[in-house]
Structure formats: C-alpha cells, structure tokens
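Hi there,

Here is the model I promised to pass on to you. Have a look at it first, and my notes follow below.

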Amino acid sequence: MERDEKQQHDNDEPLFIREAVVKELLSWNDCVDALESALVAATNSNKSADKPFSSQTPRTFTPVPGKGVLLSMPGFIGNYPLQTVTGNERHSTLACKLVTSFSGNSKLNPPLPSILATILMFNADTGRLKAIVDGTEITAWRTAAVSLVATKHLYYSSRRFNSSNDYTLAICGTGAQGRIHAIGMLTYFPNFFSKLNLWNRTKSRAVKLRDELNKLFPGLTIAVLDNSTDCVNDADVIVTATNSSTPLFGKNDLRKSSVHINAIGAGTNHHSELALDIYQSGSVFIESNLGIQTELKGIEAYVKGEIGEVIKDEQRRDNSEKISVFQSMGNALEDGVMANLIYQKFIRL
Ligand SMILES: NC(=O)C1=CN([C@@H]2O[C@H](COP(=O)(O)OP(=O)(O)OC[C@H]3O[C@@H](n4cnc5c(N)ncnc54)[C@H](OP(=O)(O)O)[C@@H]3O)[C@@H](O)[C@H]2O)C=CC1
Ligand SMILES: O=C(O)C1=NCCCC1
C-alpha cells in the first residue's frame, strides 16, 4: 500500500498520508523541534536568506448552524531548519489545513473526535498539490507539543536542575486534548512531575484516562478531583482543555508561588476558561500576534509577547510574577511544519 502511494508520487500525483501512518511517524522530540522553528518563523514576516520567515492571513470560520464550524488555515513558512535523517536542512512549506469542530461528535455511536482535520501541502515553487496529509492526529499532537514548547521555555528550563522533581501537573478537561497533553507532558519532561491531578465535567471520563495513564506511567500518583478548583489548587503546571464558557478557576484558587498555565480550550472565545484576575496578574504569551485582533478580541489583559520571541530569548517571563499563561489558539504555521515533518519521514520510509 505504502509502496503504491509512493509510486503515485513518483508519477507526480499527490501523495496521501493516512492517519495510521501519521501516528507511527509522530515523536515528541521531533514535534517540539519542528514547532520551535514554526514559532520562530511566526515572529518574522520579512523574506530572509538566513532566518526563518512566514506569511499568513487570519484563518476563516464557516459556521454550520447548530452543529459546528469549518476553519480554513493557510500559511507559508520559508527557510526554516528541520532535522531529517539526512541532517539539519532548510525547508519552505506552503500548506492549508481544513479543520472542523463539531462538539456533538463524542455523543455519536461510535463516537468521532470533535476536531477532524486534513492538511493540503503544495510545492512551494510551483503551487502544485504535493500531498494530502490526515491532520486529526497532527492537530492533537501539535497543540500539545506547542504547550510543551511554552512550558519548557516559560517554566521548566529554569527548574530542571532542581534536586527534587516533585512538581504537580493539573489537567482540566480530559477529552482528546487533555489526554494528549497529559501523555506529552509526562513523556517530554520525564521524572519532573510526581503527581497528576485530573478533572473533567463528566467524572467517568477522567477515571478512564487515569486508568490508561496508570499503565503508561507506573509510579506516578494520579488523583481524580471533583471540581476544577481542587484540581489546580496544588498545581505547578496547568492545562485547561474544555469548551467551558465560564472560568474554571481564578487566581485565589492557586496555592503555589509560581504557576504556569497552558489555556487550550475555546468556549465562547479563547480566553473564557480562566478568570480575568489570572490574565491581569500574569505574563501572557501567544503563538502569533496575527490572532490578537480577530480571535483574542475582548481580552482585557496585556499580552507580553509571542512564544517565538521567548525561544529567541527576546522576551521572558517576569519571574517576580506568580503566573505565566500560554494562551493557545492554534496556528497554520504549526500545521505546515508538522505536515512537512511527516512527509519527509514518509518519503524516506
Ligand atoms: N488551541 C488549539 O490549538 C486547539 C484548541 N482546541 C480546543 O480545545 C478544547 C478541547 O478540544 P478536544 O479535547 O479536542 O475536545 P473533546 O470534545 O475531546 O473534549 C471536550 C472537553 O471539554 C469538556 N467540556 C465541554 N463543555 C464543557 C463545559 N461547559 N464545562 C466544562 N467542560 C466542558 C468535555 O467534558 P465532558 O467529557 O463532560 O463532555 C471534554 O472534557 C476545545 O475547546 C477545542 O476547540 C482543540 C484543538 C486545537
Ligand atoms: O488550530 C486548530 O486546529 C483549532 N483551533 C481552535 C479549535 C479548532 C481547531
């Protein structure tokens, strides 16, 4: 099957990379490295011979009344470094992700993921369609891996040599994103977290995830909490991944002196999961300024900078502040580099 697919590609027909193959080719270290490139490129829109750069328009939202929404996410990333089996090479990628969000899918029998995606890759010199890559698993992994990048640069790197790694991770919302964030955090930062707190509106789903994680990470203490405030109370690193349109917790619910939050979910908007006092007292970082005017409309907080600037060390968390927030929205550049990472691995299989 795979040989046939590659044969087609040799005849200049677009390649199709299906979900099962994508899953086999994903790894956390590769994802984090590739996404750091995308996030750095997001900070630079000027064509450059030696630096990564990008070109992007805001994504569009086509509502399907009462059901869901279709997003189209085009983006170009130029001259970015990507590690492949043949070494560290420079790449340029033109891609467009089409992604649907239908929150009722979990109630279907059998259930479907709420977020389903396809990524179209084009030849960046001619515009010709080069590959169609299943984007559902890529969307799940890349969203979690961008949170890993934010957590690494805003929290982990200044603590990784501490002698006692007894940090607590809290996950509010144990759907597809909560699950993959738990697996990503515990795999990419090994032995950093000694405890995991889980909370979900429907408790049985948190219990199911606890049972799965107990097998994957023996020795880790995992607690399932009855409410979101108890879940975050003793946490050092927090992930929120729900459709909640009202805040899950506020600043007074956090006991630790230094806390990093990755806010992933989108309820009414992308900043409805956290109370206003968290945004107003913390350092807030985003993926790209492009999203501020459109998708962070109404956020009553000062956004300190883009994660790409933190990676380049041009922006930092102010460690005198108790809280840092990575306000995730999702960005087409991330999907472009991820599709290319999978494409490059696939053609060398
Ligand atoms: N930032 C980004 O790049 C991305 C963001 N997302 C967003 O992340 C969120 C989670 O996505 P995903 O995990 O794929 O979706 P799932 O459908 O798999 O999970 C949804 C989760 O949200 C919970 N939830 C739904 N409504 C509420 C509510 N009113 N209050 C509290 N919890 C609620 C569900 O709880 P229950 O089990 O009780 O139904 C479940 O835990 C979504 O908002 C999605 O749009 C997704 C992909 C990328
Ligand atoms: O970036 C994405 O992909 C998504 N972002 C918001 C919710 C739907 C998927």
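**What I found**

Asn 191 sits in the loop that links α5 to β9 (helices, H or I of at least four residues, and strands, E of at least two, are DSSP runs numbered from the N terminus). Its phi is near 65 degrees, a positive value in a residue other than glycine. Asn 191 is exposed, since 10 other C-beta atoms lie within 10 Å (12 or fewer make a residue exposed, 20 or more make it buried, and anything in between is partly exposed, with C-beta atoms placed from the backbone).

Before going further, the ground rules: this is a predicted model, in which local features need pLDDT of at least 70 and side-chain atom pairs count only at pLDDT 80 or more, while totals for chains, interfaces and linings use all residues. Residues are numbered from 1 along each chain as its sequence is written, and chains are lettered from A and ligands numbered from 1 in the order in which they are written.

Most residues other than glycine have a negative phi, and most peptide bonds are trans. Asn 79, though not a glycine, has a positive phi of about 55 degrees. Asn 79 belongs to strand β4 and counts as partly exposed because it has 18 C-beta neighbours inside 10 Å. The peptide bond between Asn 109 and Pro 110 is cis, with omega about 0 degrees, and Pro 110 is found in the loop between β5 (87–101) and β6 (115–122).

**The sheet and its helices**

Eight strands make an open sheet with parallel pairing, in the order β10-β9-β8-β11-β12-β15-β13-β14 (strands pair if DSSP finds at least two bridges between them). β10 (221–224) and β14 (303–306) are the edge strands with a single partner each, so one side of each has no neighbour in the sheet. From one strand to the next the twist averages 20 degrees (axes are lines fitted to C-alpha atoms, for helices over the stretch in contact, and angles run from 0 to 180 degrees between N-to-C directions). Three bridges join β13 (residues 283–286) to β14, and Phe 285 has Gly 305 in β14 as its bridge partner.

Helix α5 (residues 176–188) lies across β8 (167–172), β9 (193–199) and β11, at about 165 degrees to β8 (contact means C-beta atoms, placed from the backbone, within 7 Å). Its buried residues include Ile 180, Ala 182 and Met 185. The buried residues of α5 pack against α3 (28–41), α4, β8, β9, α6 (203–216) and β11.

**A hairpin**

β3 (residues 60–64) and β4 (residues 68–84) pair in the antiparallel sense over five bridges. They form a hairpin with three residues between them, and Gly 66 in the turn has a positive phi of about 75 degrees. Thr 62 stands opposite Leu 70 in β4. None of the five residues of β3 is buried.

**The ligands**

Ligand 1 is surrounded by 27 residues, and the closest are Gly 175, Gln 177, Arg 201, Thr 202 and Gly 330 (near means a C-beta atom, placed from the backbone, within 6 Å of the molecule or strand). α5 gives the most to this shell, with three residues. By class, the shell around ligand 1 has six nonpolar, 19 polar and two charged residues (Ala, Val, Leu, Ile, Met, Phe, Trp, Tyr, Cys and Pro count as nonpolar, Asp, Glu, Lys and Arg as charged, and the others, Gly among them, as polar). Around ligand 2 are Leu 71, Val 99, Ser 101, Ile 115, Thr 139, Ala 266 and Gly 330. That shell divides into four nonpolar, three polar and no charged residues.

Best wishes

How values were computed:
Two residues are in contact if their C-beta atoms, placed from the backbone, lie within 7 Å.
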